[in-house]
Amino acid sequence: MSTAVAQKRGLGAMIWDYLTTVDHKKIAHLYLVSGGLFFLIGGLEAMIIRIQLMKPDNNFISAGLYNEMITMHGTTMIFLAAMPLIFALMNAVVPLQIGARDVAFPFLNSLGFWLFLFGGLMLNVSWFTGGAPDAGWTNYAPLSTTSPGHGVDYYVMGLQISGAGTLIGGINFLVTIVNMRAPGMTYMRMPLFTWSVFVTSTLILFAFPALTVGLFLMMFDRMFGSAFFDVGLGGNVIIWEHLFWIFGHPEVYILILPLFGAFSDIFSTFSKKRLFGYSAMVFATVLIGFLGFMVWAHHMFTVGMGPIANSIFAVATMAIAVPTGIKIFNWLFTMWGGQIKMTSAMLWSIAFIPSFTIGGMTGVMLAAAAADYQYHDTYFVVGHFHYVIVGGVVFGLFAALHYWWPKMFGKVLNEKLGKLAFWPFFIGFHLTFFIQHFLGLMGMPRRYWVFMEGQGLDTGNLISTIGAFLMAIGTIIFLTNVIYTSVKEKKVSGDPWDGRSLEWSIPSPPPHYNFVQTPLVRGLDPLWVEKMDGKEGMTPAEPLGDIHMPNASILPFTISLGTFIAGFGFIYQVDDPVWLIAVFAGMGLTLGSMLTRSVKDDLGHHIHKEDLEEDIKKGAGK
Amino acid sequence: MRGWMGKFRSLFLFGALTMLLTGCGIENISALKPKGYGSELLFDLMLISIAIMIFVFVIVMAIYAFVLLRYREKKGQEHIVPKQTEGNKALEVIWTVIPIILLLVLAIPTVQATFDLADQSTQGDEGVITIDVTGNQYWWQFDYSDEEISTSQELYIPTNERVYLNMKSSDVIHSFWVPAIAGKMDTNPGENMNTMYLEAYEEGVYEGFCAELCGPSHSLMYFKVVAVSPDKYDQWVEDMKNIDPEATPETASAQEGQELFNNNCMSCHAIGGASAGVGPNLGNFGNREKIAGILEPSKENLVDWIVHPDEVKPGNSMPSELVTEEEAGKIADYLLELKHSDVGTELPVQNAEE
Amino acid sequence: MSSEDVLNPKQMPHDPEKATLEGRNKFLAFWFFLGGETVLFASLFGTYLALNGSTQGENTPEHLFGLELVFIMTMLLLTSSLTSVYAMYHMKNHNFQKMQLWLGITVVLGLGFLGMEIYEFYHYIHHYEFTFRSSAFGSAFYTLVGFHGGHVLFGLSWIVTLMIRNQKRGLNLYNAPKFYIASLYWHFIDVVWVFIFTVVYLMGKVG
């Protein structure tokens with residue numbers, strides 16, 4: 001393969017390039033586009049839910065379809081929108097922040113993406129093949145094991161496939177951060193975003209296998225007649241709840257921690273100050289990650305675990321508020337005494353603080369086990385987790401996208417449109433979800449297809465629906481901004497924000513080997529350190545030499561395609577054993593591709609010094 | 001003001017909060033208008049947590065507002081480089097220790113309330129009522145095993161007494177929730193039986209909900225808790241014990257309806273006596289607040305429900321068009337005549353208020 | 001060290017499996033992966049412990065299990081772990097043929113284990129009519145032990161593939177990490193079996 005990036009290529013060549021790429025920056029694009037697409041689908045489902053709940057006894061969609069909507073909305077947003085968008089950021093930024101040329105396993109990185117994408121497609125195919133899963137995103141047995149049709153089968157297979165991809169991604173980033181840091185980049189000099197990705201990856205590693213097992217048990221029960229959740233044969237339905245939440249609670253920290261990291265970088269950059277209490281922030285991140293595993297059963301206070309277990313999990317859950325509080329105060333004091341520049345990225349971050357604080361506070365209220373007997377499975381909970389997930393994760397994604405967009409695409413998102421998108425979304429968000437806390441306590445359980453007239457719930461629900469429309473408008477403006485920027489805006493330099501960390505020391509978008517010479521890191525905020533010493537850019541840690549890069553490969557795509565085909569086989573062999581052919585064909589493709597990968601040596605290629613010197617003339621070294 | 005928090009409520013903050021929150025929702029539905037021991041205990045716990053949280057929020061917002069107003073970059077300041085502070089140990093300790101103390105303040109009553117609500121010390125004592133609650137797709141069965149009576153959709157309890165509920169499910173997981181009287185508890189299939197108790201302070205008809213997704217008609221699985229004075233409760237038990245399913249109805253249409261009911265419906269349903277089989281026990285049906293938990297009690301609605309149950313409650317297991325509309329009319333006449341006990345009928349239905 | 005050098009067997013350092021960055025990455029990643037596998041088996045053990053009383057009749061653990069067979073299986077697998085250690089010892093001494101020999105012995109022992117496990121399952125199904133579907137205990141038993149058996153099968157295929165692929169070219173810096181992590185995997189399988197032996201068979205028979 002030629003080292004020079006081909007400039008003029010047809011569409012076919014470009015598609016082939018993306019199908020086979022192992023470059024973390026292109027994989028970031030893939031995650032961004034597919035995650036964004038699923039975010040829109042999930043958003044559409046949310047709008048349908050809110051239209052149905054606009055007025056009492058509404059009949060916009062049927063009860064069965066409604067349950068499919070809520071299930072797919074939750075599943076899509078968590079697994080197919082938030083996770084991949086976070087992976088997009090991880091891929092785009094982490095190798096750059098630690099001064100690496102790629103992740104530790106570029107091939108696995110690509111495999112992780114394609115598994116996620118095929119898993120996500122599998123889930124959404126269910127809409128067209130007789131009905132989506134309808135047992136809620138938590139998929140509690142035995143409602144899920146007895147759900148007619150194949151909807152829940154799609155849930156099981158889709159999440160199993162995409163979950164495998166996520167697990168691979170998690171291990172990859174762990175190794176990348178441990179082994180691939182540039183000289184001088186000690187752990188305690190890593191940017192907070194990289195730190196939080198490190199902790200998140202650990203959580204992925206230890207949380208996802210529990211879901212894998214849960215999904216296997218569910219798959220065996222539904223497809224092969226086992227009796228894990230069949231009380232008639234001695235099964236126990238509570239096992240699913242435990243396995244699901246042993247995964248599910250860390251999952252919410254998997255979602256929020258990387259954005260905590262992104263906010264830390266953004267607050268610091270746009271206040272022109274180093275992060276206040278860096279070590280405390282690192283410690284808090286690790287502590288949140290650790291405690292995240294100790295509290296899963298707070299989702300199960302009403303299951304009947306008894307007062308001792310309920311009390312223990314209640315107190316453990318409250319403890320998480322302490323490190324979270326530490327973070328909030330450290331962010332505030334990062335801005336204290338700074339020069340706050342109100343860019344769009346900063347605006348989303350500023351909005352995050354009160355929104356997330358409210359979400360955290362209702363979280364502590366929910367942690368009070370007894371009081372949860374009133375909150376549990378009501379709109380109070382719906383309000384709470386949208387405050388943390390939208391107010392935290394989605395605000396964070398918007399902030400991070402505005403912040404790193406120039407690094408990913410070489411252009412700054414239009415600031416005017418950025419702020420124009422912010423206000424309707426921000427106002428709509430509070431309109432939609434604040435009132436839901438009260439709706440819940442006034443007697444509106446969660447996942448209700450209709451609510452009755454005369455229960456005092458009409459006004460609140462109407463307000464909530466109006467808010468949802470405002471959020472939709474905000475999203476549309478953001479999309480407009482993306483298109484507008486790519487057509488109209490001009491290219492910017494590698495460092496448009498006066499940045500502090502390594503990613504801003506190289507051109508935007510970076511060349512595919514990232515760093516011509518690996519940089520030498522001399523402190524926290526390495527680029528800022530050099531700037532304060534009056535230098536332009538980083539000091540290299542190595543002489544200019546050949547760069548070893550991995551080869552592109554189609555195998556990740558074929559491995560994932562195989563699981564996709566086998567997934568359909570597993571689902572439909574229940575009806576007709578002919579489908580076992582699909583199982584064997586799919587598994588054959590997957591295992592065959594893996595065997596090919598194993599047997600065929602792939603030693604990568606080199607970019608030669610002469611080519612690099614050419615690139616430096618064009619500005620790659622900077 | 002019977003809760004242990006009662007004496008603190010006069011404090012200004014709690015007073016204001018209480019007034020603000022109790023403005024929300026409708027009597028006998030809302031958890032913010034507690035009418036029973038459990039709900040009051042939990043309402044107090046909510047007030048404490050909200051008060052602590054508002055305290056924290058005000059502090060955060062004060063710093064937040066100050067920072068944003070004071071430290072915005074002004075025109076011409078772009079070149080200024082602020083001091084790069086590393087952090088402050090004293091501050092870190094302060095915002096670690098104070099939240100811990102606040103959480104301890106919340107944790108103690110939380111643990112107390114959790115144990116209080118799990119208390120089962122008097123269950124099984126002489127004169128203490130235990131009712132078996134069974135969640136079904138999409139209706140509730142209540143068995144008074146000591147009295148050998150069984151009802152569905154309407155749970156009668158005496159006021160100011162602890163009534164224990166032994167809860168399980170016949171199919172999927174449901175959750176039993178009467179916000180105005182107590183918190184909720186899941187009903188699980190299999191061997192995971194749960195126990196909770198209700199204690200209502202006032203007579204009334206309280207709205208109950210299923211709070212765990214249980215299928216398409218999850219949102220239609222309402223029930224009522226009818227709390228009446230102990231004397232009236234005894235009367236009701238007496239009435240229910242004396243139900244004679246063979247009693248001849250008054251009108252001719254109802255008599256035909258009885259015949260049709262016995263031939264078509266009795267394989268699942270029952271009228272009076274102990275626990276029914278597959279379907280709800282329809283004793284005292286004529287005095288129900290609602291048909292199937294959701295429809296106003298009229299003949300037209302009942303006929304609709306009997307002939308097209310799947311349109312009223314999607315996914316329920318009552319067969320459609322088992323009888324013709326004409327036959328259903330006669331059955332409806334019969335069922336609406338089944339008024340075995342008028343205890344509780346004088347209580348106002350909460351939906352009529354406001 | 002450039003990628004061409006890794007295929008040159010003359011430049012072997014003392015720890016060939018950790019001499020390249022790729023090798024170190026694989027080594028670390030595989031330890032992380034085993035961490036995840038631990039959670040996977042912990043979840044399966046938890047499920048098994050929750051359901052091992054739900055036998056729905058006569059086919060209880062005491063009734064079914066025979067410790068003699070399981071003891072032999074345990075010995076086979078423990079020995080195979082030891083032989084894979086010998087193989088790695090010879091890898092570090094750059095003695096490729098001896099490494100292949102000991103890996104071969106490991107594979108034979110593993111196949112013996114797998115064969116006996118299949119016999120065990122066959123025995124339960126045909127003599128006791130104890131299947132995956134007969135009770136929650138049955139589902140949990142076959143799932144836990146079967147997952148382990150699947151790991152054994154995968155481990156064997158992996159080692160055999162490596163042996164065949166590298167038979168002619170011998171050891172180099174590119175394949176040394178591959179051999180090394182395959183042996184790590186084999187140890188992990190062995191450790192899991194020790195837990196299965198204790199929790200499922202010993203506790204089932206005695207406890």
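Start by selecting B:Tyr138, which sits in the loop between strand S1 (130–136) and strand S2 (139–144) of chain B. Helices (H or I, at least four residues) and strands (E, at least two) are DSSP runs here, numbered from the N terminus. Look at the peptide bond joining B:Gln137 and B:Tyr138: it is cis, with omega about -5°. Most peptide bonds are trans.

Before going on, some housekeeping: this is a predicted model, where local features need pLDDT of at least 70 and side-chain atom pairs count only at pLDDT 80 or more, while totals for chains, interfaces and linings use all residues. Residues are numbered from 1 along each chain as its sequence is written, and chains are lettered from A and ligands numbered from 1 in the order in which they are written.

Next, jump to chain A for another cis bond, between A:Ala141 and A:Pro142, with omega about 0°. A:Pro142 belongs to the loop between helix H4 (106–125) and helix H5 (143–146) of chain A.

Back in chain B, pick B:Gln153, in the loop between strand S3 (149–152) and S4. Its phi is near 65°, a positive value in a residue other than glycine. Is B:Gln153 buried or exposed? B:Gln153 is buried, with 24 other C-beta atoms within 10 Å (buried takes 20 or more others within 10 Å, exposed 12 or fewer, partly exposed in between, with C-beta atoms placed from the backbone).

For another positive phi, select C:His94, near 60°, in the loop between helix H3 (67–92) and helix H4 (96–127) of chain C. C:His94 counts as partly exposed, with 16 C-beta neighbours inside 10 Å.

Now show chain B as a cartoon and find the open sheet of five strands, ordered S4-S10-S9-S6-S7 with mixed pairing; two strands pair if DSSP finds at least two bridges between them. Strands S4 (154–158) and S7 (184–187) are at the edges with a single partner strand each, so one side of each has no neighbour in the sheet. Zoom in on S6 (residues 174–177) and S9 (residues 204–210), which run antiparallel and are joined by two bridges. Which residue in S9(B) is the bridge partner of B:Trp177? The partner is B:Phe209.

Last, color residues 126–239 of chain B: the unreviewed UniProt entry annotates them as "domain: Cytochrome oxidase subunit II copper A binding". UniProt positions use the numbering here, feature names are shortened, and annotations may be inferred rather than shown by experiment. The span is 9% helix and 48% strand, with its end C-alpha atoms 22 Å apart.
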